[in-house]
Structure formats: structure tokens, C-alpha cells
Amino acid sequence: MTSEEKKHQLDLRYLRMARIWAENSYCKRRKVGALVVKDKMIISDGYNGTPSGFENICEDDNDVTKPYVLHAEANAITKLARSSNNSDGSTLYVTASPCIECAKLIIQAGIKRVVYAEKYRLEDGINLLKRAKIEVEYLNPDDK
């Protein structure tokens with residue numbers, strides 16, 4: 001197996017793990033998971049949900065996502081801020097493509113590569129990452 005094939009297999013494995021991590025989310029409309037990996041080690045993880053100490057209800061009575069719900073990427077990146085790890089040069093694996101707000105956090109966190117499994121209708125986050133010279137790869141584990 002070539003090093004490219006090994007990298008591809010590892011990418012698929014981390015995306016499947018991010019999907020499993022998304023199952024922790026209490027959000028009903030969409031569950032998203034994220035892993036930050038550096039030197040083949042998971043240094044942080046996150047899933048979408050409400051801030052610490054809030055009730056675990058992501059949607060209001062009209063099934064609209066509450067404005068203070070954190071995205072999986074934001075949770076993973078802010079979790080790093082409370083640890084002794086840093087994300088310089090790391091890869092973010094996320095089950096859905098990052099929005100523009102998360103893209104800004106990714107850039108500022110020094111993450112150099114983003115691998116995502118699901119395309120979102122808005123591509124402004126992906127476009128911003130590419131503009132910042134961050135390697136972006138769409139990879140769906142369900143594709144054969």
C-alpha cells in the first residue's frame with residue numbers, strides 16, 4: 001500500500017470516528033461530530049450542542065436551532081484552549097462542511113487541513129479555508 005493509500009484509509013477511519021462522536025449530540029435536526037488530529041493522535045473532539053451548563057435542547061418549539069448552539073468544530077477548537085495541546089499543523093475531521101464562522105476559528109487555530117464528509121448548501125466556509133491556503137478535502141465514507 002502506498003503512503004497516499006494509507007493516508008486515505010486513515011482519513012476514512014477518522015471520519016467514521018467523527019460520525020460516531022456525532023451521536024453524542026442532543027440536536028435533533030442534524031448531529032455533527034469533529035476530531036482534531038495531530039501526529040496521528042486525536043488531540044480534541046467535539047459535537048454540536050449547547051454551551052456547558054445549558055439544558056441539552058438545541059431546537060426551539062418551532063424546531064429552529066437556538067442561536068447559541070455551538071458547532072462541532074467550535075467545540076473541538078475551544079476544548080483545545082483548555083488543554084495543554086495546540087492545533088498548529090493539525091487536521092480537522094468533521095462530518096459536515098464548516099460554516100464561515102467555524103472556518104475563521106479553524107484558520108486562527110493553525111489547523112492546516114480539513115477533511116469533511118457532507119457538503120452543506122453554503123460554501124462560504126470552504127471558500128474561506130481555501131483562500132487561507134488550508135488544504136480542504138471532501139471525502140464521504142459511504143462512497144465506494
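A residue is taken as buried under 20% relative accessible area, as exposed over 50%, and as partly exposed in between. In this predicted model, Glu137 has a relative accessibility of 23% and therefore counts as partly exposed. By the criterion of under 20%, buried residues make up 43% of the 144 residues in the protein.

The secondary structure comprises 4 helices and 5 strands, and the elements follow the order α-β-β-α-β-α-β-α-β from the N terminus. The radius of gyration is 15 Å, close to the 15 Å that the globule rule gives for 144 residues, so the protein is as compact as a globular protein of that length. The C-alpha trace spans about 50 × 35 × 25 Å along its principal axes. Among contacts with a separation of 6 or more, 51% are accounted for by residues 24 or more positions apart. The protein exposes about 8700 Å², of which carbon and sulfur atoms supply 49%.

With regard to charge, the protein carries 23 positive and 21 negative side chains, and the centres of the two sets lie 3 Å apart. The structure holds 9 salt bridges. A network of salt bridges links Lys7, Asp11, Arg113, Glu135 and Glu137.

Because Asp11 belongs to helix H1 and Arg113 to strand S4 (residues 113-116), the pair ties together parts that are 102 residues apart in sequence. Asp11 is buried, at a relative accessible area of 2%, and Arg113 likewise counts as buried, at 8%. Arg113 also meets Glu137 in a salt bridge (3.0 Å, N to O). Glu137 lies in strand S5 and Arg113 in strand S4, so this pair joins parts that are 24 residues apart in sequence.

A further salt bridge is formed by the side chains of Lys7 and Glu135 (3.7 Å, N to O). This pair links distant parts of the chain, with Lys7 in helix H1 (residues 3-22) and Glu135 in strand S5 (residues 135-138), 128 residues apart. Lys7 is partly exposed, at 31% relative accessibility, as is Glu135, with a relative accessible area of 37%.

Pro51 is located in the loop between strand S2 (41-47) and helix H2 (72-81). When neighbours within four places in sequence are left aside, Pro51 is in contact with Tyr68 and Leu70. The C-alpha atoms of Pro51 and Ala109, 58 residues apart along the chain, are separated by 20 Å.

How values were computed
Residues are numbered from 1 along each chain as its sequence is written. This is a predicted model: local features need pLDDT of at least 70, side-chain atom pairs count only at pLDDT 80 or more; totals for chains, interfaces and linings use all residues. Side-chain values use heavy atoms; hydrogens and water are left out. Helices (H or I, at least four residues) and strands (E, at least two) are DSSP runs, numbered from the N terminus. Contact means heavy atoms within 4.5 Å. The radius of gyration is taken over C-alpha atoms; the globule rule is 2.2 Å times the number of residues to the power 0.38. Buried means under 20% relative accessible area, exposed over 50%, partly exposed in between (1.4 Å probe, protein chains only). Accessible areas come from the Shrake-Rupley method with a 1.4 Å probe; for residues, only the protein chains shown count as cover. Lys and Arg count as positive and Asp and Glu as negative; His and the chain ends are not counted. The place of a charge is taken as NZ of Lys, CZ of Arg, CG of Asp or CD of Glu. A salt bridge is a side-chain nitrogen of Lys or Arg within 4 Å of a carboxyl oxygen of Asp or Glu.
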